[in-house]
Amino acid sequence: MTTYSVYKPDTRSYDYYQSDAPGNGTHAGSPPVRLGRSPLGATPDQAAWRVPPDARKVGSGAMPMGRIATMGSAGALGDVDISSPWTWIVGGVIAYFAWKGLR
């Protein structure tokens, strides 16, 4: 059984989850490597362990236990790649039509 801790910034605490998937405790090596799409690197959500889908919440507390992980859910714009020219083109088209609609 493996324990995961997910940080909650609004309460400055951790939610604890347990999964029946076999694990090596807290000494499981590095999380899977995920390269960030920006020149600054990966975000914590991209680079951290993911809580398995079968994990169940077992509590919460001020200190992490087991693996520090993420639920893997970014915000609405969390996966937008601002370094891509297509992002700027699509954003410009949306801005143009919004401007035209407000005139």
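This report covers the fold, sheet, core and surface of a predicted model.

## Basis

In this predicted model, local features need pLDDT of at least 70, side-chain atom pairs count only at pLDDT 80 or more, and totals for chains, interfaces and linings use all residues. Residues are numbered from 1 along each chain as its sequence is written, and side-chain values use heavy atoms, with hydrogens and water left out.

## Overall fold

The protein contains five strands and two helices, arranged along the sequence as β-β-α-β-β-β-α. These elements are DSSP runs numbered from the N terminus: helices are H or I with at least four residues, strands are E with at least two.

Of the 103 residues in the protein, 21% are buried; buried means under 20% relative accessible area, exposed over 50%, and partly exposed in between, with a 1.4 Å probe and protein chains only. Among contacts (heavy atoms within 4.5 Å) between residues at least 6 apart in sequence, 55% link residues at least 24 apart.

## The sheet

An open sheet is built from five strands in the order β3-β5-β1-β2-β4, with mixed pairing. The edges are held by β3 (49–50) and β4 (56–61), each of which has a single partner strand, so one side of each lacks a neighbour in the sheet. Two strands count as paired if DSSP finds at least two bridges between them.

Strand β5 (residues 67–70) runs parallel to β3, joined by two bridges, and Trp49 stands opposite Ala69 in β5. Strand β1 (residues 2–8) is also parallel to β5, with three bridges. Ala69 in β5 is the bridge partner of Val6.

## The core

The largest nonpolar core has seven residues: Tyr4, Val6, Tyr17, Trp49, Val51, Ala55 and Ala69. Such a core is a set of buried Ala, Val, Leu, Ile, Met, Phe, Trp, Tyr and Cys residues joined through side-chain atoms within 4.5 Å. Leaving aside residues up to four places away in sequence, Val6 touches Ser13, Tyr14, Asp15, Tyr17, Val51, Ala69, Thr70 and Met71.

## The surface

The protein has an accessible surface of about 7,600 Å², and carbon and sulfur atoms account for 62% of this. Areas come from the Shrake-Rupley method with a 1.4 Å probe; for residues, only the protein chains shown count as cover.

Helix α2 (residues 85–102) contains Ile89, which is partly exposed at a relative accessible area of 45%. Ile89 belongs to a nonpolar surface patch with Trp86, Val93, Tyr96, Phe97 and Trp99, together having about 730 Å² of accessible area. Patch residues have over 30% relative accessible area and no salt bridge; like charges are joined within 9 Å, and nonpolar side chains (Val, Leu, Ile, Met, Phe, Trp, Tyr) within 5 Å. A salt bridge is a side-chain nitrogen of Lys or Arg within 4 Å of a carboxyl oxygen of Asp or Glu.
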